[in-house]
Amino acid sequence: VSLEFRHDGLLTVAATKTVTINGSITAGLTQIFDTTAATSAIAFGETGLVSDVWCQWWGALPSASAAVNTAAIQDCFDQVHATRDRVINVHICNGDYTISDTIALTGSLDGDGFSLNGHETAAIIQETNAKNGLKFDTFAGLVIKDIRIIGDTSATGNGLWLLSNRAAKIDNVYLKGFSHALHSENGVLNTYNNISGNGALY
């Protein structure tokens with residue numbers, strides 16, 4: 001079954017339930033999934049018809065509060081990553097997305113990849129001191145590209161924290177306002193291209 005969302009159409013998942021989508025999705029850059037109920041989730045079947053998703057589908061918006069954006073982006077990352085048979089590309093674009101907590105994701109080195117594309121138009125802005133921007137732990141084939149990650153001027157966390165990743169590709173990422181702009185440890189065969197902004201690399 002293919003899904004097409006029009007005119008503010010919204011799929012709301014009840015608490016403790018998971019909706020598995022085996023067909024394709026047609027939608028604009030608006031919220032189409034509501035997984036705010038406890039342990040509710042969207043899953044993507046093994047058909048492979050969904051290869052790209054947008055954080056906006058979970059409710060992330062430049063106009064949304066930091067709390068809403070944090071929950072929406074984290075839900076998007078978690079639910080996409082749960083599809084372990086393939087990498088689904090995650091996109092975010094067209095504005096500044098304020099967050100209030102670290103967006104973190106943990107994988108495994110057993111062929112577990114993740115891809116995030118900001119299209120040179122999106123910024124993740126951490127408004128809370130002592131919090132990180134994005135943290136990725138134990139991925140093989142992580143891709144982060146074309147995005148800005150900005151912290152509060154007094155932020156003491158890491159802008160992009162990479163822990164125990166293998167063959168990560170970090171390309172065209174702007175980092176500003178953290179104690180450590182890019183913090184990478186225990187990585188193997190990672191590549192970095194056009195990393196800019198202020199802050200220490202660690």
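**Charges and salt bridges in a predicted model**

Hi everyone, let's start with charge: this protein carries 11 positive and 19 negative side chains, and the centres of the two sets lie 3 Å apart. Here Lys and Arg count as positive and Asp and Glu as negative, with His and the chain ends not counted; each charge is placed at NZ of Lys, CZ of Arg, CG of Asp or CD of Glu.

Some housekeeping. This is a predicted model, where local features need pLDDT of at least 70 and side-chain atom pairs count only at pLDDT 80 or more, while totals for chains, interfaces and linings use all residues. Residues are numbered from 1 along each chain as its sequence is written, and side-chain values use heavy atoms, with hydrogens and water left out.

Now the overall picture. The protein has 1 helix and 19 strands (DSSP runs numbered from the N terminus: helices are H or I with at least four residues, strands are E with at least two). Buried residues make up 45% of the 202, where buried means under 20% relative accessible area, exposed over 50%, and partly exposed in between, using a 1.4 Å probe and protein chains only.

So, how many salt bridges are there? The count comes to 3, taking a salt bridge as a side-chain nitrogen of Lys or Arg within 4 Å of a carboxyl oxygen of Asp or Glu.

One of them joins Glu4 and Arg6, at 3.0 Å from N to O, and both of these residues are exposed.

Another pairs Asp96 with Arg148, at 3.6 Å. Because Asp96 sits in strand S9 (residues 95–99) and Arg148 in strand S14 (residues 142–151), this pair ties together parts 52 residues apart in sequence. Asp96 is partly exposed at 36%, and Arg148 is partly exposed at 29%.

Then there is Lys131 with Asp101, at 3.2 Å. Lys131 is in the loop between strands S12 (122–126) and S13 (134–137), and Asp101 in the loop between S9 and strand S10 (103–106), so the pair links parts 30 residues apart in sequence. Lys131 is partly exposed at 29%, as is Asp101 at 32%.
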